[in-house]
Amino acid sequence: MNYATIKNCDIANGPGVRVSLFVSGCTHHCKGCFNQEAWDFAYGEPFTRQTEDTILEMLRPNYIRGLTLLGGEPFDPHNQPAIVALLRRVRQTYPEKTIWAFTGYLFDRDILPGKLGPWEITREYLSYLDVLVDGPFIEEKKNLTLRFRGSENQRLIDIPASMASGEIVSWLDWQGEGKGLRK
């Protein structure tokens, strides 16, 4: 896997100050995508153990609320194994930090039915997530007033609650801005 960039003080892609990993490679090619250069799986730098170490160090400060995965496409089958390895380390080192992921796939149509590579990898990936922002960016539904998403079709999904209930549970910021740590 390659990655396009890592932001260590991101406040746009989840609550609080976050570390954001933008992976390379996406086959959705959404019209109006803000990150078209990351469509190419070869774009950017190779994702290595040293890259993981850098991300873990960036997550260390108490003011960092968590990690966000974006792209490119973090749920592409090509990217999932490297991301799962990273998430294992993040959960082990920082169990209190939240993990968000953005995907152009739909949770109920593409991810849960196991259409994105080996289910055991996807299932483990989901087990580390707190919130999934799903759905492709649709330029005609672009809405700059939306929180943590670009178009009105995209959903903020509470993954632990959804996996436990068997139904999609929307993430609502009922926790308040001062909270949001992993339960």
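**Helix packing**

Tutor: Helix H2 (residues 80–93) and helix H4 (residues 119–128) have axes that come within 9 Å and cross at roughly 35°. Axes here are lines fitted to C-alpha atoms, for helices over the stretch in contact, with angles from 0 to 180 degrees between N-to-C directions. Helices are DSSP runs of H or I, at least four residues, and strands are E runs of at least two, numbered from the N terminus.

Student: Which residues of H2 and H4 make the contact?

Tutor: From H2, Gln80, Pro81, Ile83, Val84, Leu87, Arg88 and Arg91; from H4, Ile121, Thr122, Glu124, Tyr125 and Tyr128. Contact means heavy atoms within 4.5 Å.

Student: Before I forget, what sort of model is it, and how are residues numbered?

Tutor: It's a predicted model: local features need pLDDT of at least 70, side-chain atom pairs count only at pLDDT 80 or more, and totals for chains, interfaces and linings use all residues. Residues are numbered from 1 along each chain as its sequence is written, and side-chain values use heavy atoms, with hydrogens and water left out.

Student: OK. At what angle do H1 and H2 cross?

Tutor: Roughly 35°, with the axes of helix H1 (residues 49–59) and H2 coming within 10 Å. On the H1 side the contact includes Ile55, Leu56 and Leu59, and on the H2 side Ala82, Ala85 and Leu86 are among the residues involved.

Student: Switching to the sheet: what's the strand order?

Tutor: S3-S1-S2-S4-S5-S6-S7, an open sheet of seven strands with mixed pairing. Two strands pair if DSSP finds at least two bridges between them. Strand S3 (45–46) and strand S7 (155–158) are the edges, each pairing on one side only.

Student: How many bridges join S6 to S7?

Tutor: Four, and strand S6 (residues 131–134) runs antiparallel to S7. Val133 has Leu156 in S7 as its bridge partner.
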